[in-house]
Amino acid sequence: MKKILIPGMISDIIYNGVSGMDGAIFGDAKECPECSGTLVPHDNKKKRFATVIEHGAKRMIYVNVRRFRCKACGKLVYARSPFYPDIRMGSPIVDFCIANTDYFTYNHISKILKSMRILVDPKTIGNYEALNLPKPPSIEISKAQFPVSLLNLSNMGVPGENPTKNAVMLDLFINKNKKD
Ligand SMILES: [Zn+2]
């Protein structure tokens with residue numbers, strides 16, 4: 001199988017997007033999905049979004065998801081957040097895995113992610129594939145599929161980075177790729 005090399009600039013943008021999610025707060029919920037009742041804030045749940053490699057060591061990236069209590073039926077409702085139900089990993093990373101399973105082995109996808117300093121073991125990728133989630137919209141960069149959800153992360157909440165600059169750089173790569 002052909003070895004996939006992700007350009008350093010792309011891998012930096014993806015890494016910054018993922019690690020920049022650390023401490024992000026998701027607090028948006030409209031009404032109770034069960035009974036359309038009014039929601040009142042209940043608490044914040046810390047959820048693991050990703051595991052990355054920083055200076056050679058593992059680092060967990062956590063986000064905060066607000067929970068609400070329905071005033072009418074008492075149901076606990078999570079704010080909208082980038083997670084699939086019952087998967088303990090941010091959905092943009094899950095999307096990357098399932099976008100590439102038609103093209104690469106689980107082992108190879110794990111290696112591509114690791115080259116971007118994101119850790120997902122091959123067995124976990126197999127578990128995601130088994131869930132038969134819909135294939136996410138994605139863009140091919142350097143022969144790998146990059147889901148839009150993952151690319152979009154680099155446009156938000158990256159401390160010290162210029163989001164517009166990232167977006168322009170990604171655009172350059174994507175356009176260059178199309179001509180190849
Ligand atoms: Zn309710």
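The following is a conversation about a predicted model of one protein chain.

Reader: To begin, how many helices and strands are in the chain?

Author: The predicted chain has 6 helices and 6 strands. Read from the N terminus, the order of the elements is α-β-β-β-β-α-α-α-β-β-α-α.

Reader: What percentage of the residues is buried?

Author: Of the 180 residues in the chain, 31% are buried.

Reader: And what share of the contacts joins residues at least 24 apart?

Author: Taking contacts between residues at least 6 apart in sequence, 67% join residues at least 24 apart.

Reader: Let us look at H1. How many residues has it?

Author: Helix H1 covers residues 8-19 and has 12 residues. From its first C-alpha to its last it reaches 16 Å, close to the 16 Å expected at 1.5 Å a residue.

Reader: Which residues of H1 are buried?

Author: They are Ile10, Ile13, Ile14, Tyr15, Gly17, Val18 and Ser19.

Reader: How do H2 and H4 lie relative to each other, parallel or perpendicular?

Author: Their axes come within 9 Å and cross at roughly 80°. H2 and H4 are therefore roughly perpendicular to each other. On the H2 side, the contact is made by Val94, Cys97 and Ile98, and on the H4 side by Ile125, Tyr128 and Glu129.

Reader: What classes of residue are in that contact of H2 with H4?

Author: The contact of H2 with H4 has 5 nonpolar residues, 1 charged residue and no polar ones.

Reader: A change of topic: in what sense do S5 and S6 pair?

Author: S5 and S6 pair in the antiparallel sense, over 4 bridges. One of the partners is Gln145 in S6, which is bridged to Glu140. The hairpin of these strands has 2 residues between them, and Ser142 takes a positive phi near 50° there.

Reader: Are the faces of S6 covered or open?

Author: Both faces of S6 are covered. Ala144 and Phe146 are buried on one side, and Gln145 and Pro147 are buried on the other. In general, side chains in a regular strand alternate between the two faces of the sheet.

Reader: Where are His55 and Asn132?

Author: His55 is in the loop between S2 and S3, and Asn132 is in the loop between H4 and S5. His55 is exposed, with 6 other C-beta atoms within 10 Å. Asn132 also counts as exposed, with 8 C-beta neighbours inside 10 Å.

Reader: Lastly, Arg59: is it partly exposed or buried?

Author: Arg59 is partly exposed, because 15 other C-beta atoms lie within 10 Å, and a residue is buried if there are 20 or more. Arg59 is in strand S3 (residues 57-70). Leaving out residues up to four places away in sequence, Arg59 touches Val52 and Glu54. Arg59 and Leu119 are 60 residues apart in sequence, with their C-alpha atoms 9.6 Å apart in space.

Definitions and conventions:
Residues numbered from 1 in each chain as written. Predicted model: local features only at pLDDT ≥ 70, side-chain atom pairs only at ≥ 80, totals over all residues. Expected span 1.5 Å × (residues − 1). Buried ≥ 20, exposed ≤ 12 C-beta atoms within 10 Å, placed from the backbone. Contact = placed C-beta atoms within 7 Å. Pairing = 2+ DSSP bridges. Axes fitted to C-alpha atoms, helices over the stretch in contact; angles between N-to-C directions. Parallel < 35°, antiparallel > 145°, perpendicular 65-115°, else oblique. Nonpolar A, V, L, I, M, F, W, Y, C, P; charged D, E, K, R; others polar.
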